Amino acid sequence: MKIKYFDFNNYSENYDALERSKSNVTDQENKLIHRIFQRKKVVSVYDASCGTGAQTIFLAKKGYKIKGADLSQKMLEIARKKSHNFSIEYIQRDMRDPIKGKYDAILSIYNSIGHLSKIEFKKVVKNSYNSLERNGIFIFDIFNLAFMREKFIAHEFIDVSREVDNIKYVRFNHNTLDQKEGIMHISQRLLVQKGHAPFTTTHNEWDMQIYAPQQLNEFLMSAGFKKVQFYDEAGKEFDENKSISIFVVAEK
């Protein structure tokens, strides 16, 4: 089933204010990644969907050798500006394309794989497997379909309301879920007001493919991964009925 893609170039200006201001979630996931990397003795890391650098900058500070890739040139421009004090290589690359080189770990965080169809995701899984060193790990996160089926919010709701640098943001979501196909259609309305100027309104619509843990385990094992572990976004034990997201660690 074909899914509608999201244009991150048009979203890049407001991305950090809307998404990275959720610092508690970002901090939790980054700390979890670092703990796993320490345990697995990771040195080299490839971030396949680095966005504005939330993981690449954190990991560079910790001493890892980092390469960040993203399809959006504008997101990369922001990441480069934020990374000027660190030795991080950034490249524009589609995560569906084969990865050049070998790495101890490959990342794709913040539901990035949800922007791919199932066929495309299987291709990313195989490409990641092929570009990992022996015993390397592939880490990604995605919404938990089992949770969504039980607790999906069908009415319009506000998921962001905050002020950053004298700019106010209010974002409304009105989504639908195809439970059989596991596709969430997202419709967002964003209001932005700079100071006391009139606010602007933008609309975005896209699809997100989400998965149950059993599906992810099947895809990863079929690609050759020998061990798959699931956590929630805070690194705690994954609960299929209570965890909104699945944090996945697959070992080659």
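In this predicted model, Phe 172 sits opposite Arg 189 of strand β9. That pair is a handy way into the region around β7, the strand that spans residues 167-173. β7 and β9 (residues 183-194) pair in the antiparallel sense, with 7 bridges between them. β7 also has strand β6 (residues 157-164) as a partner, again antiparallel and again over 7 bridges. As for burial, 5 of the 7 residues of β7 count as buried, so the strand is largely enclosed by the rest of the structure.

Now for the open sheet. It is built from 7 strands in the order β3-β2-β1-β4-β5-β12-β11, and the pairing is mixed. At its edges are β3 (89-92) and β11 (227-231), each of which pairs on one side only. Leaving direction aside, neighbouring strands of this sheet are turned against each other by 15° on average.

Within the sheet, β1 (residues 44-47) and β2 (residues 65-70) run parallel and are joined by 4 bridges. Another helix, α5 (residues 118-130), lies across β4 (103-108) and β5 (132-143). Relative to β5, α5 runs at about 150°.

That leaves helix α3, which covers residues 54-61. How many of its 8 residues are buried? The count is 7, so α3 is largely enclosed by the rest of the structure. The buried residues are Ala 54, Gln 55, Thr 56, Ile 57, Phe 58, Leu 59 and Ala 60. An α-helix has 3.6 residues a turn, so residues three or four places apart point the same way. In α3, however, the buried residues include Ala 54, Gln 55, Thr 56 and Ile 57. After α3 comes Gly 63, with a positive phi near 100°.

Conventions
Residues are numbered from 1 along each chain as its sequence is written. This is a predicted model: local features need pLDDT of at least 70, side-chain atom pairs count only at pLDDT 80 or more; totals for chains, interfaces and linings use all residues. Side-chain values use heavy atoms; hydrogens and water are left out. Buried means under 20% relative accessible area, exposed over 50%, partly exposed in between (1.4 Å probe, protein chains only). Helices (H or I, at least four residues) and strands (E, at least two) are DSSP runs, numbered from the N terminus. Two strands pair if DSSP finds at least two bridges between them. Axes are lines fitted to C-alpha atoms, for helices over the stretch in contact, and angles run from 0 to 180 degrees between N-to-C directions. Contact means heavy atoms within 4.5 Å.
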